[in-house]
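Hi everyone, thanks for making time this morning. Let me put the sequence and the structure up on the screen, and then I'll walk you through a few places in it.

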Amino acid sequence: MTAASAPHIDWLDEVDSTNDAVRRQFADEVPIEQYASLATTNQTAGRGRLEREWIDTPGASLAISTYLEFEADAARTSIGWVTLAAGLALRATLARLAGEEQAARIELKWPNDVLVEGRKTAGILGEILGVIVGGERFACVVGTGINLRDPQALTTPIPIVAPPAAAGAAFAAAQASEAYAAADALANATALTDLGIRVPAEELAAAYVAELAARIDALIAHDGDAETSGLADELREHLSTLGRRVRVSRLDDADLVGTASGITSTGELLVTDEQGATHTLRVGDVQHLRLAADGSDA
């Protein structure tokens, strides 16, 4: 992607929520270009799931929200990959900025926490905006919060990622699932400085949105097919959840414990339980388990 065609990013000195700011533009029928983004290092009322408020110390994190559109037919298969593509785009950006040695420390946890050796450094929240052009096109926004420096400097942690889903209602409902208490999230967080990344926020944002646009362009070009676009292979390479024992907290059912055994064509996680049954998860928060000294899950 050349500089001339790079997505436009508007920088705000302060904003309540970058996702909400994009939503207001959409509701006011302000024309928005594909991949146009709003960014700030001073977000005063960011949102996680359950409308939880997330307030950052100014300058400690980057919040950026990117507008996306799909043809209605393609949206049925593409929408579940939006936040997954965002996680892969950010991982690729950080890997390049950090260098080869540090890049090996960066991984993804379904449904799109970006981790550094198991500690969260970024979270992603996708939201449906609505249909346009008489229902011919489908619009959404993907918001990304990135810890730029020591997360202990944050008033509260970045939002935990809401999982993707295959279609609109499920995609929105995914945000209603809770993961961990705020104190736990903060204790298990880290920042880009841990990777030796100290680039200007503007440089980071531009690189990330370009990577995101490349992946979504490929997905659209292949009619929403994550396999032929290469997105599914990239996810399998970098998703540390796969093959791990996990505990999944589900909104409307008991916790599920098993092995993360795959990803569906629309981005859902497959978990095989201890009885051998495989469950398809659109919604749920994943905890990676490890064996305690007595052989039990910890």
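**A ring pair, a sheet and some backbone details**

Let's start with phenylalanine 26, which is buried, at a relative accessible area of 18%. Buried here means under 20% relative accessible area, exposed means over 50%, and partly exposed is in between, with a 1.4 Å probe and protein chains only. Before I go on: this is a predicted model, where local features need pLDDT of at least 70 and side-chain atom pairs count only at pLDDT 80 or more, while totals for chains, interfaces and linings use all residues. Residues are numbered from 1 along each chain as its sequence is written, and side-chain values use heavy atoms, leaving out hydrogens and water.

The ring centres of phenylalanine 26 and tyrosine 67 are 6.4 Å apart and the planes are at 40 degrees, so the pair is tilted. For Phe, Tyr and Trp (its six-membered ring), a pair needs centres within 6.5 Å; planes under 30 degrees apart are stacked, over 60 edge-to-face, and the rest tilted. This pair links distant parts of the chain, with phenylalanine 26 in helix H1 and tyrosine 67 in strand E5 (residues 61-71), 41 residues apart. Helices (H or I, at least four residues) and strands (E, at least two) are DSSP runs, numbered from the N terminus. Tyrosine 67 is buried too, with a relative accessible area of 3%.

E5 takes us to the sheet, which is open and has seven strands in the order E1-E2-E5-E9-E8-E7-E6, with mixed pairing. Its edge strands, E1 (9-11) and E6, each pair on one side only. Two strands pair if DSSP finds at least two bridges between them. E7 and E8 run antiparallel, joined by three bridges; valine 116 has arginine 119 in E8 as its bridge partner.

Now the backbone. Most residues other than glycine have a negative phi, and most peptide bonds are trans. Which bond is cis, with omega near 10 degrees? That is the peptide bond from tryptophan 110 to proline 111, and proline 111 sits in the loop between E6 (106-109) and E7 (113-116).

Two glutamates have a positive phi: glutamate 29, near 60 degrees, and glutamate 117, near 50 degrees. Glutamate 29 is in the loop between H1 (18-27) and E2 (37-40), and is exposed at 70% relative accessible area. Glutamate 117 is in the loop between E7 and E8 (119-132), and is exposed at 55%.
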